[in-house]
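User: I'd like to learn how to read a few features of a protein model. Can you walk me through them?
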Amino acid sequence: MAHSSKSTQSSSSSAKNARAFISPSDLTFAWDGCHRCLWLKYNHGVSAPLFMPLVGELSALQEAHFDNADTENVAPVLPAGRVRDRGGWVKSRPIEVQGQPTPYAIRGKYDLLIDFEDGSVGIIDCKFQGRDTDKSDFYAAQLEAYAFALENPAQGDPQIVSVLGLLVWSPKNPQGSPANGYQLNLNWSWRPIERNPAALTRRLNDFIYVISGSTPERDSGCEQCRYISQRREIFGNE
């Protein structure tokens, strides 16, 4: 009886920690990594801690710089408009797979939301990269997921998303002196992302198949899985 009670309690705890919302960023970084770790995150709420203290600071600085900016001051190639919001949350209706609703929905926080004069909106993801390289293909699913949530909202009216893209800053060179202080010159790039809802549908189908199925095999290249395995060899199951 004691074993049965413990199993029931463990099962209840796992269900409580299971995620019902798919993060747009998980469609890129987590999907591109270890699917066993991805499965643990969505079924048990277990994920390795990440320490990137500068990323949040730099992202917030970049987003704030474009607060309420005209599009000509964001990227001159954009249609006429203005940044309406930054750091806003979106939530979609339940995702369907083969015409059937699933328990999952998209929920995430975009960087910049632009209102264009034609009534459509644009989603801009701010990136501070070490080098000025084009990563638009990698981030396409993430931005398309934001668009899906805006066009298929859990509440409120849908919005038409006409533009997706990355606004990339990367270090160029420092200037200054100890007496006068320093500043960092930056490279700037606009990386447009072509709308591709069909590709997002395929990614979501595969993603939901993985997190809804049995535990995936360990990825031999996953550093987290390797650490867990080596730790268990030393300490056992404690």
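User: Where is leucine 50 placed?

Analyst: Helices (H or I, at least four residues) and strands (E, at least two) are DSSP runs, numbered from the N terminus. Leucine 50 sits in the loop between α3 (35–44) and α4 (53–65). This is a predicted model: local features need pLDDT of at least 70, side-chain atom pairs count only at pLDDT 80 or more, and totals for chains, interfaces and linings use all residues. Residues are numbered from 1 along each chain as its sequence is written, and side-chain values use heavy atoms, leaving out hydrogens and water.

User: Is leucine 50 buried or exposed?

Analyst: Buried means under 20% relative accessible area, exposed over 50%, partly exposed in between (1.4 Å probe, protein chains only). Leucine 50 has 66%, so leucine 50 counts as exposed.

User: Which residues of α6 are buried?

Analyst: They are Leu200, Leu204, Phe207, Ile208, Val210 and Ile211. These cover an arc of only 155 degrees around the axis, so they are on the same side of α6; the arc is that of the directions from the helix axis to the C-beta atoms.

User: What do the buried residues of α6 pack against?

Analyst: Contact means heavy atoms within 4.5 Å. The buried residues of α6 pack against β1 (21–22), α2 (29–32), α3, β3 (89–97), β4 (100–109) and α5 (136–151).

User: Which residues does arginine 93 contact, leaving aside its neighbours within four places in sequence?

Analyst: Arginine 93, in strand β3, touches Tyr104, Ala105, Phe148, Asn152, Pro153 and Ala154 on that count. Its relative accessible area is 31%, so arginine 93 is partly exposed.
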